Amino acid sequence: MKKEIIGITGASGVLGQYFLTKYKNYKYDIFEGNITNDKDVKIWLKNINAKYILHFASKVSTDYVKKNYKNSLNVNYFGTKNLVDNIIASKKKIWLFFASSSHVYENKNKKLKETDKTNPLTLYGKTKLKAENYLLKVLKRKKLQICIGRIFSFTHKKQDQSYLIPSLFEKLTCNKKDISLKNLNHDRDFCHIDDLCRAINLLKKKTSKGIFNIGTGKAVNLFEIAKIINKNNKKIHYKKNNIKTSLIADISKLKKIGFIPKFEIRKIILDFHKR
């Protein structure tokens, strides 16, 4: 039996690497060019036989995008537009998954539905929303089958210190006895990277279209994460912020197609320790 072929951008990133390792039953056509370069994308599309493309190529984290906004917008929006325009021009029947983010939403003290108002908290979120808006126009014109996955928080040891959990691990496992932490009174929805990849794979199998939240639907306070990590019982001096934000997914839509998250925050932290 021939392996199903999947095209993938951003294969060298954390999510891309994990997906490739988890799903070895597929054959992958990996994009290795510049996503903003029309010629690179055109040649890649001409030579692949994939019916599915996972578009993971992106500039992250929020700190990076803030410092490098022009370059990030170029990749996250114009790169996505370049890919989509070339898929349409190729006239190939392709299902496209776009890895978006919960950062497109505005802060709300309730679970966020896909139909809720978007108002990005970060510049990173703005680049993703701009790409989403273009994709939705294309989807409305029925030019392409597109699935937008609004990914809530996830972590992996290969992420750098600009991400929350790697940063907390660095601080709470160092030689210092006393640690100062601040601005952690926020609620987030942390999804295990294995659950995240299972959700994407399910969306691909169902050739789902439109927007889907990908998370657990459960709130975790960031300071509680710090306490779980603090196995060495270091003394934490904690300055609690007055303004609290919340980004928690309503995953009812994802559950309707059969997705059930397996792992919670303690398993995520445990696996981070093991890697």
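## Salt bridges

A salt bridge is a side-chain nitrogen of Lys or Arg within 4 Å of a carboxyl oxygen of Asp or Glu, and a search of the whole structure finds 11 of them. The structure is a predicted model, in which local features need pLDDT of at least 70 and side-chain atom pairs count only at pLDDT 80 or more, while totals for chains, interfaces and linings use all residues. Residues are numbered from 1 along each chain as its sequence is written, and side-chain values use heavy atoms, with hydrogens and water left out.

Side chains of opposite charge can pair when their charged atoms come close. Among the pairs found here, Asp 271 and Lys 267 meet with N and O 3.2 Å apart, and these two residues are separated by about one helical turn because they stand 4 residues apart in helix 10 (residues 265–274). Helices here are DSSP runs of H or I with at least four residues, strands are runs of E with at least two, and both are numbered from the N terminus. Asp 271 is buried at a relative accessible area of 11%, whereas Lys 267 is partly exposed at 29%; buried means under 20% relative accessible area, exposed means over 50%, and partly exposed lies in between, with a 1.4 Å probe and protein chains only. A further salt bridge joins the side chains of Asp 116 and Lys 108, at 4.0 Å from N to O, and here Asp 116 is buried with a relative accessible area of 13%, while Lys 108 counts as partly exposed at 21%.

## Helix 2 and its charged residues

Lys 42 forms a salt bridge with Asp 38, the closest N and O atoms being 3.6 Å apart. Both residues lie in helix 2, 4 residues apart, which is about one turn of the helix. Lys 42 is partly exposed, with a relative accessible area of 44%, and Asp 38 is also partly exposed, with 38%.

Helix 2 spans residues 38–47 and also holds Lys 46, which counts as exposed at 71% relative accessibility. From C-alpha to C-alpha, Lys 46 is 24 Å from Met 1 in space, and the two are 45 residues apart in sequence.

## Packing of helix 2 against helix 4

Two packed helices are described by the angle between their axes and the distance between the axes. Helix 2 packs with helix 4 (residues 69–90) at an angle of about 45 degrees, the axes being 10 Å apart; axes are lines fitted to C-alpha atoms, for helices over the stretch in contact, and angles run from 0 to 180 degrees between N-to-C directions. Where the two helices meet, helix 2 brings Asp 38, Val 41, Lys 42, Trp 44 and Leu 45, and helix 4 brings Asn 82, Leu 83, Asn 86 and Ile 87, contact meaning heavy atoms within 4.5 Å.

## Nonpolar cores

A nonpolar core is a set of buried Ala, Val, Leu, Ile, Met, Phe, Trp, Tyr and Cys residues joined through side-chain atoms within 4.5 Å. The largest one has 37 residues, of which Phe 19, Leu 54, Phe 56, Phe 97, Ile 200 and Ile 214 touch the most other members. Elements that each supply at least two residues of this core include strand 1 (5–9), helix 1 (14–22) and strand 8 (210–214), and helix 7 gives the most, with 7 residues.

Leaving aside residues up to four places away in sequence, Ile 214 touches several residues, including Phe 97, Phe 152, Leu 196, Ile 200 and Leu 254. A second, separate core of 26 residues includes Val 41, Leu 45, Ile 53 and Ile 94.
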